[in-house]
Amino acid sequence: MQNFTVSEHEKLNTAVALGFFDGLHKGHRRVILSAVEQKKNGLLPVCFTFAQSPKEVLGKSSRGALMTTEDKLKTLESLGIEHTFSLDFKKLMNMSAKDFVEKIIFGNLNAKFVVCGFNYRFGKNGEGDTELLKKLCDENGTELKVIEPERDDGDVVSSTLIRSLVSEGNIRRANKLLCSYFGFSAVITHGKRLGRELGTPTINQKLPENLAVPKYGVYASAVTLEDGKVYCGVTNIGVKPTVGGTKLLSETWMPDFHGGEIYGQTADVRLLDFIRPEKKFDNITELKNAITDNAVTAKEIFDEVYRYGV
């Protein structure tokens, strides 16, 4: 699947899924799959989204994304979306709601079926809602489907809810609502080699820019290396206070990895469950003992919950 701009689109009849789709959670997937289902009616399933979060551009949110753009595109493709149109929100934010639908959705995308969530807003200052969209679709002879809220334990599933869960360290529930594992891919960088001295060599990674930051602490994780092999990981997200750290870092020990140097390679780390908060130990021996205990817990969690990759 390629990530096109509207001007590159061929004039095919389409089924368009509308939304920013941060995280592609359960509710988002109902929207996406509704568009994909239209393949049986001869329509090309496409996704119209934005390269940046509209809320962040408008200064309404700064808590980070639940998924990198790369992961989003990969997941959309796996769900059956054939083209994704990811535009610059700043270039469209002052377009009227009516012009957005008529010029972009009907004009450029040639939509014959449109699907969105119950709270979808569009146009300058978010003036357009699903009622206006229904009116415009009716006038154009285009079918509109509005997806009602997805609920979990009485809560409406939303990116805001999931970001709160991530910040609280409730990764297991966050993953359940995401239908995937929260995490990231990043280059392995050199550290202080303290883990090697302790007998627990780690990989150090910077979290991707603008990714939501999980609660500082230790997590059970699944780590996929460039050779495709997956290992159980013990991942610390935080600043490593025991050794006087101050910069946010992801540091992962893979107890069952016995390969050679992998600095400079990219590793994919997915958090499975929270084990304990980050803490400052009185000495290195206490730290080593805690890491060893965490590995036992991490392996139990890995065996219990890891089922699929992203």
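Predicted model: local features only at pLDDT ≥ 70, side-chain atom pairs only at ≥ 80, totals over all residues.

Student: How many residues of strand β11 are buried?

Tutor: Seven of the eight residues of β11, which spans residues 217–224, are buried, and the strand is thus mostly covered.

Student: Which way does β12 run relative to β11, parallel or antiparallel?

Tutor: Strands β11 and β12 (residues 230–238) run antiparallel and are joined by eight bridges. Within this pairing, tyrosine 219 stands opposite threonine 235 in β12. The hairpin of β11 and β12 has five residues between the strands, and glycine 228 there takes a positive phi near 90°.

Student: And what about β14, how many bridges join that strand to β11?

Tutor: Eight bridges join β11 to β14 (residues 266–277), and these two strands run antiparallel. Threonine 224 stands opposite aspartate 268 in β14.

Student: Which elements do the buried residues of α8 pack against?

Tutor: Their partners include β11 and β14, together with α1 (26–36) and α7 (159–168). Strands β7 (151–152) and β8 (155–156) are also among them.

Student: Why is α8 described as largely enclosed?

Tutor: Helix α8 covers residues 171–178, and six of its eight residues are buried, so the rest of the structure largely encloses it. The buried ones are Ile171, Arg173, Ala174, Asn175, Leu177 and Leu178. Just after α8, cysteine 179 takes a positive phi of about 60°.

Student: Changing topic: how many cavities of 30 Å³ or more does the structure hold?

Tutor: The structure holds one cavity of that size. The largest cavity contains about 40 Å³ of space.

Student: Which residues line the largest cavity?

Tutor: Leu178 is one of the lining residues, and it is also one of the buried residues of α8.

Student: Now the aromatics. How many aromatic pairs are found in the whole structure?

Tutor: A search of the whole structure gives nine aromatic pairs. One of them is formed by phenylalanine 100 and phenylalanine 122, with 6.0 Å centre to centre and 35° between the planes, and is tilted.

Student: Which parts does that pair tie together?

Tutor: Phenylalanine 100 belongs to helix α5 (residues 97–108), whereas phenylalanine 122 is in the loop between β5 (111–117) and α6 (130–140), so the pair ties together parts 22 residues apart in sequence. Phenylalanine 100 has 5% relative accessibility and therefore counts as buried. Phenylalanine 122, with a relative accessible area of 4%, is buried.

Student: What kind of pair do tyrosine 120 and phenylalanine 122 form?

Tutor: Theirs is a stacked pair, 5.8 Å centre to centre with 20° between the planes. Tyrosine 120 and phenylalanine 122 are both buried. Ring pairs link Phe48, Phe50, Phe89, Phe100, Tyr120 and Phe122 into a cluster.

Student: Which ring does the charged end of lysine 72 sit over?

Tutor: It sits over the ring of phenylalanine 20, 4.0 Å from the ring centre.

Student: Last one: is glycine 107 buried or partly exposed?

Tutor: Glycine 107 lies in helix α5, and its relative accessibility of 29% makes it partly exposed. Leaving aside residues up to four places away in sequence, glycine 107 touches Lys11 and Glu102. The C-alpha atoms of glycine 107 and lysine 11 are separated by 9.3 Å, although these residues are 96 residues apart along the chain.

Note on methods:
Residues numbered from 1 in each chain as written. Heavy atoms only, no water. Buried < 20%, exposed > 50% of the residue type's maximum accessible area, 1.4 Å probe, protein only. Helix = DSSP H or I, 4+ residues; strand = E, 2+ residues; numbered from the N terminus. Pairing = 2+ DSSP bridges. Phe/Tyr/Trp six-rings, centres within 6.5 Å; stacked < 30°, edge-to-face > 60°. Lys NZ or Arg CZ within 6 Å of the ring centre and 35° of its normal. Contact = heavy atoms within 4.5 Å. 1 Å grid on protein atoms, 1.4 Å probe; cavity = no way out; pocket = protein on both sides within 12 Å on 5 of 7 lines; lining within 4 Å. Points joined across faces, edges and corners; volume = space filled by probe spheres on them.
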